[in-house]
Amino acid sequence: MTNITRPARTCNIETGTRDLYYFFKQVNTPTKTISLNHKGQQTIMKNNYLFSDFSGIFSLKSIRRLLFLLIFMVIGCQSPPAPQPYQAPENAISASGRPIVFLSASDLAVAIRSGTFSSVEVVSAHINHIHKYNPDLNAIVVIDEQAALKRARQADEALAAGELWGPLHGVPVSIKDHFAVKNTRITNAFIQLTDQVTDFDATVVKRLKDAGAIILGITNMPVMAMDVQTNNPIYGRTNNPWDLTRTPGGSTGGGAAAVASGMSPLTIGSDLAGSIRIPAAFCGVYGIKPTENFVSGYGIFPGISDINKRTVRAMASLGPLARSVKDLKLCLPIIAGPDGYDAMVPAVDMTAKPKPGYKQLRIAWSDNFGDVPVSEETRKVLNQFIDKLTDEECTVEKINPTDFDFMEVWESWGKMVDLQLNATLPSSARFLMYALGGIQRSKSPLLQMAYPATYDKFIEECSKREILIAHLEQFLMQWDVFICPVATQPAYKHLEPDDVILGYNIYTDPVPVDDHQLNYWMANAAYTSPFNTTGHPAVTIPAGYSDDGMPIGVQIVGRRWHDMELLDIAEMIDAVAGDYRAPEGY
């Protein structure tokens, strides 16, 4: 058991509501000490104030400021420490790790087994590459170099003795900063957990280790993974390796940037609204959001969520990002399946099925969800991508799922998120969210609340969602896959939040997409969130590039629980597209 006492951290009233975590902890818990034993973790805040309406609960700034001023008068106010981005150690070797670092995880595993490279060589190349490029990217935020090298030496010694640990023997991988990793600093990008060291491995981490992988580093993310950009008050901002002035996406932005730049061949992320797929598309790599509950969530958000009281039971998925579909196919069976902890995860047949030929492929596609516009560059890339499949004599039709109203789908997502994350709030807090968040909710169906949070409302929203799942599943039974955009546009310049409340970035200004002005969440998640609503698996692959050289990805969506078949088809489609390339300069 690890006990950690947190310092009091509040906010800077001059810069505008940076951090009120300590206030809520002081009000709701009798002590500042947090128990992190994985057999029964304690929540940070009994009333769970951190799970607020991240869209902009307090949309009226004057009311916000008044409420916060009253709080400051009661508890006082001090500035939080400045973010501390990654810095290379003194006297560290800083050098490109090419060609090793741009080999796929699959190829690295073969090279280590065959003796072409030792695990120490591979891990050292990645560490030196991180020293050289990570100070600009800030993608990997925690790295224990000595532990990684020690494990690499053990991997080489085991191999020399004829012992093979598994399919990832000696291969370095990275992990998002909300999965428990034993004896590693894991913060959830949540400032009250700045110094947390977890004492157990999440299921995905344990399974990677059991397969022979070496945990190289922890990747950056936004606070509590609740943004589609990657920035937080602990580690600061992650930059896109294709253009440092642009976002890598979020919330798995650190992982995607690390994979794209050669700092990690494989990383694990999570996806509640597009947090695997958006960063993969923005950084020009591959990712899969598996069917919900395909991968165990045991050990996610350590120190925040109570393992014995699970709130998020739908729509979230955990999965890998890599530089090839082949690596996604290698990783997913390793981390998937029942683990004895997460009862929601079923046993699924993941054996290979016969692949159809290109002429047998039936592909539906769309570039228009509910009249939410995509950029002309995005539309152009998607159309060229579809033309390549047509040239292979695939059966292709432009059609949206039938009986699938996107407005209803987006509203369902918003209400299900609200019911899962916010329903345990005190009634007074939910009333304030409802009363003061009306302006923001009117701007996007993704920001809806199910108010009041009654049992009847929960059953109603679950039933609506099940109908939507059935409608999309019935549609996909007629097609092998459904192809659509990932986001409305390629990676854009870093956007500063209009406000920061309880650590969450609040965006009220519209996002330009060509000549259109879109709500922040609709501009980013309108094309990804529907498949969280329904829990269907979706693969992101690179499909082309914008006029200024930024990668543009597409989603390939398949039937629930047919994830491996979906990856097989995605691999076939990717071979036709042939649009992956690494960013220059790494």
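Contact here means heavy atoms within 4.5 Å. The model is predicted.

Q: Which residues of α4 meet which residues of α5?
A: On the α4 side they are S119, V120, V123, S124, I127 and H131. On the α5 side they are E145, A148, L149, A152, R153, A155 and D156. These residues divide into seven nonpolar, three polar and three charged.

Q: Why is α4 called roughly antiparallel to α5?
A: The axes of α4 (residues 119-137) and α5 (residues 145-160) cross at roughly 160°. Angles over 145 degrees count as roughly antiparallel. Therefore α4 is roughly antiparallel to α5. The two axes come within 8 Å, and the crossing is right-handed.

Q: Which residues make the contact of α11 with α14?
A: Helix α11 brings E408, V409, S412, K415, M416 and L419. Helix α14 brings K457, F458, E461, C462, R465 and L468. By class, this contact has six nonpolar, one polar and five charged residues.

Q: How do you know that β11 pairs with β20 and with β12?
A: Pairing needs at least two bridges. Strand β11 (residues 286-289) has three bridges to β20 (residues 538-545), in the antiparallel sense. Two bridges join β11 to β12 (residues 317-322), also antiparallel. Both counts meet the cut-off, so both pairs stand. G287 has a bridge partner on each side: L321 in β12 and T540 in β20. I288 stands opposite V539 in β20.

Q: What makes both faces of β11 covered?
A: Buried means under 20% relative accessible area. Y286 and I288 on one side are buried, and so are G287 and K289 on the other.

Q: Why are β3 and β14 called edge strands?
A: The sheet is open and has 11 strands, in the order β3-β7-β4-β10-β12-β11-β20-β21-β15-β13-β14, with mixed pairing. Strands β3 (140-142) and β14 (395-398) each pair on one side only. Neighbouring strands are turned by 30° against each other on average, direction ignored.

How values were computed: Residues numbered from 1 in each chain as written. Predicted model: local features only at pLDDT ≥ 70, side-chain atom pairs only at ≥ 80, totals over all residues. Heavy atoms only, no water. Helix = DSSP H or I, 4+ residues; strand = E, 2+ residues; numbered from the N terminus. Axes fitted to C-alpha atoms, helices over the stretch in contact; angles between N-to-C directions. Nonpolar A, V, L, I, M, F, W, Y, C, P; charged D, E, K, R; others polar. Buried < 20%, exposed > 50% of the residue type's maximum accessible area, 1.4 Å probe, protein only. Parallel < 35°, antiparallel > 145°, perpendicular 65-115°, else oblique. Left-handed = near helix turned anticlockwise from the far one by under 90°.
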